[in-house]
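Q: I am new to reading protein models. Could you walk me through one, step by step?

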Amino acid sequence: MSLRLARAVLGASLSLRRARAVLVASLALVVLGPLACRRERAISTSSTSSPSSPAASLSAAPRPPSRRLTDPRWRLAAGDDPLERARLAEAEGATGLLAALEDGGDIALTALGALPYADDADLALAPLAERARAASGPSLTPLLEALLGIAGRPPRPREPLDPDGARAAAAALVELSGRRGLPAEQRALAISAARALAEKGLVDPRDIPADLDPAGPDAGAAGAQAPRP
């Protein structure tokens, strides 16, 4: 009997030890498991937002200020002096002035004011017309003024630089001139620019609205006047 009792006691002791080991392991998983997950998340977050990560550095990199803000030619052309605008246009050309529109603000307004003075300003007709079609509110006016300034220039004794673009611009101006929801001042600019291009055979003048024309013998000459660079 004593041998059996000893074996029973030993078996019970082993079972108790195993139960304790299982309990300790379970408690370790419960306590340490969340800590390990938190550490992994912290490491993952740190690596994602690390300055060495290309995606993080690209998204966090601020856009540098435009060099044009400190360029003396751009600062002088920001005024009303047509000579300074002509100098800027000669230096930048239509392509450079169109690229400056991406700067926005005063730089974009200066570029629009200088574009009619560029020798190759006809290249800007189509891009400006597309911008005008998408614009609204006060931002539309300087675009239309630039279009009128380019369209109203005397013909150059050379082959057209972009005849297809000029025709597309003329069609866009006819569309804009017919938008009854626009203020009368903006429609008048669009009508005048479309008529200037119609004089060059780029659009049928009969397609241009005439509802803003004053009644009288001078109705055909109505509309805003284009600047003459």
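A: Let's begin with helix 9, where Gln-186, Arg-187, Leu-189, Ala-190, Ile-191, Ser-192, Ala-193, Ala-194, Arg-195, Ala-196, Leu-197 and Ala-198 are buried. Buried means under 20% relative accessible area, exposed over 50%, and partly exposed in between (1.4 Å probe, protein chains only). This is a predicted model, where local features need pLDDT of at least 70 and side-chain atom pairs count only at pLDDT 80 or more, while totals for chains, interfaces and linings use all residues. Residues are numbered from 1 along each chain as its sequence is written, and side-chain values use heavy atoms, leaving out hydrogens and water.

Q: Why is helix 9 described as largely enclosed by the rest of the structure?

A: Twelve of its 15 residues are buried, so helix 9 is largely enclosed. Its buried residues pack against helix 6, helix 7 and helix 8. Contact here means heavy atoms within 4.5 Å.

Q: How many helices and strands does the chain have?

A: Helices (H or I, at least four residues) and strands (E, at least two) are DSSP runs, numbered from the N terminus. This chain has nine helices and zero strands.

Q: Which residues have the most contacts inside the largest nonpolar core?

A: A nonpolar core is a set of buried Ala, Val, Leu, Ile, Met, Phe, Trp, Tyr and Cys residues joined through side-chain atoms within 4.5 Å. The largest one has 50 residues, and Leu-97, Leu-115, Leu-128, Leu-144, Leu-147 and Leu-173 have the most contacts inside it. Helices 3 (72-77), 4 (82-100), 5 (105-114), 6 (125-134), 7 (140-151), 8 and 9 (184-198) each supply at least two of the core's residues. Leaving out residues up to four places away in sequence, Leu-173 touches Leu-144, Leu-147, Ala-190, Ala-193, Ala-194 and Leu-197.

Q: Is Ser-177 buried or exposed?

A: Ser-177 is buried, with a relative accessible area of 0%. This serine lies in helix 8 (residues 163-177). Its side chain reaches the backbone oxygen of Val-174 at 2.7 Å. Beyond its neighbours within four places in sequence, Ser-177 is in contact with Arg-187, Ala-190, Ile-191, Ile-208 and Pro-209.

Technical notes
Polar contact = N/O pair within 3.5 Å; in protein donor to acceptor, adjacent residues only side chain to side chain.
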